[in-house]
Amino acid sequence: MTNESLRHTLEEKQPLLEFRGVDTYYGSLHILKSVDYRVGEGEIVALLGANGAGKTTTMKTILGIVRPRSGQVLFEGKRIDGEQTGRIVEAGIAPVPEGRRVFPRLTVLDNLKMGAWTRKDGQVKQDMDRVYDLFPRLAERKNQQAGTLSGGEQQMLAIGRALMARPRLMIMDEPSMGLSPILTERVFDTVVEINKQGTTIFMVEQNAYMALQVAVRGYVLQTGEVVLADTAPNLLASDMVRKAYLGET
Ligand SMILES: Nc1ncnc2c1ncn2[C@@H]1O[C@H](COP(=O)(O)OP(=O)(O)OP(=O)(O)O)[C@@H](O)[C@H]1O
Ligand SMILES: [Mg+2]
């Protein structure tokens with residue numbers, strides 16, 4: 001065995017997704033500053049941070065929409081920074097974008113089919129049934145134009161569409177945004193259910209309390225820097241999170 005392969009064997013289990021010292025810019029604006037994240041296979045990991053901290057930029061960097069100026073993004077141990085977005089999605093990463101973006105003129109059914117475009121197996125129908133089981137409302141409205149769904153229904157559709165890709169990693173940008181407390185709870189229950197069925201989840205959330213209830217670990221991003229990285233219970237107990245994100249004084 002070479003030294004190199006021995007080193008790999010001895011190293012701890014490789015994370016599914018990893019950021020190593022990632023710096024991103026919009027023009028001359030330095031946004032992410034030497035950011036490190038590790039998301040392990042099977043985990044739910046939360047990313048917390050105030051408005052403008054760089055959470056959506058993180059998601060765009062994973063998808064190759066924003067390119068790091070330095071550092072690396074790895075998926076299953078392979079570099080994906082520099083890849084085309086389509087290739088990254090094909091590799092098994094499905095986004096639930098900010099603001100529940102769906103194709104407004106397409107029906108619910110066609111939106112779900114779009115989610116499955118990377119699939120080459122014959123099990124798309126089963127997964128469609130699974131989405132309808134999770135969200136019976138979508139089944140009732142499958143021939144309705146997506147743009148006419150309520151906000152909460154569009155969020156369900158955005159999640160359903162991501163599920164149709166059968167992703168290894170689902171990245172969610174504020175899944176509870178604009179949802180009622182009851183729907184928020186339903187979305188979080190769904191996140192847990194999806195995770196139990198084998199999908200790893202990296203989730204941006206303003207609702208820190210809910211996010212840290214379902215996540216195993218989390219990161220706190222402050223003006224582009226990771227200022228805290230810890231287990232969910234430790235984050236829930238930390239002064240910084242309690243003051244900044246849980247509204248305690
Ligand atoms: N295309 C762009 N051009 C220039 N600046 C941008 C661009 N997109 C985002 N920014 C800036 O980068 C910073 C980080 O934005 P980002 O969208 O990542 O924040 P966020 O953490 O997702 O915030 P929010 O909670 O409000 O969604 C912000 O200051 C924002 O104004
Ligand atoms: Mg954002």
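Modeller: Let's start with one pair: Tyr-219 has Ala-229, in E12, as its bridge partner. Before going on, bear in mind that this is a predicted model, where local features need pLDDT of at least 70, side-chain atom pairs count only at pLDDT 80 or more, and totals for chains, interfaces and linings use all residues. Residues are numbered from 1 along each chain as its sequence is written, while chains are lettered from A and ligands numbered from 1 in the order in which they are written.

E11 covers residues 217-222, and E12 covers residues 225-231. Strands here are DSSP runs of E, at least two residues long, and helices are runs of H or I of at least four, numbered from the N terminus. E11 and E12 run antiparallel, joined by 6 bridges; for two strands to count as paired, DSSP has to find at least two bridges between them.

Buried means 20 or more other C-beta atoms within 10 Å of the residue's own, exposed means 12 or fewer, and partly exposed is in between, with C-beta atoms placed from the backbone. For the protein as a whole, 41% of the 249 residues count as buried.

Gly-49 leads us on to ligand 1, as it is one of the residues around that ligand, along with others including Tyr-26, Asn-51 and Lys-55. Being around the ligand means having a C-beta atom, placed from the backbone, within 6 Å of it. Helix H2 (residues 55-62) gives the most to this shell, with 3 residues.

Elsewhere, 4 strands form an open sheet in the order E4-E1-E6-E7, with antiparallel pairing. Its edge strands are E4 (35-39) and E7 (78-79), each pairing on one side only. E6 (residues 70-75) pairs with E7 over 2 bridges, and Leu-74 stands opposite Arg-79 in E7.

Overall, the protein has 11 helices and 12 strands, and its C-alpha trace spans about 55 × 55 × 35 Å along the principal axes.
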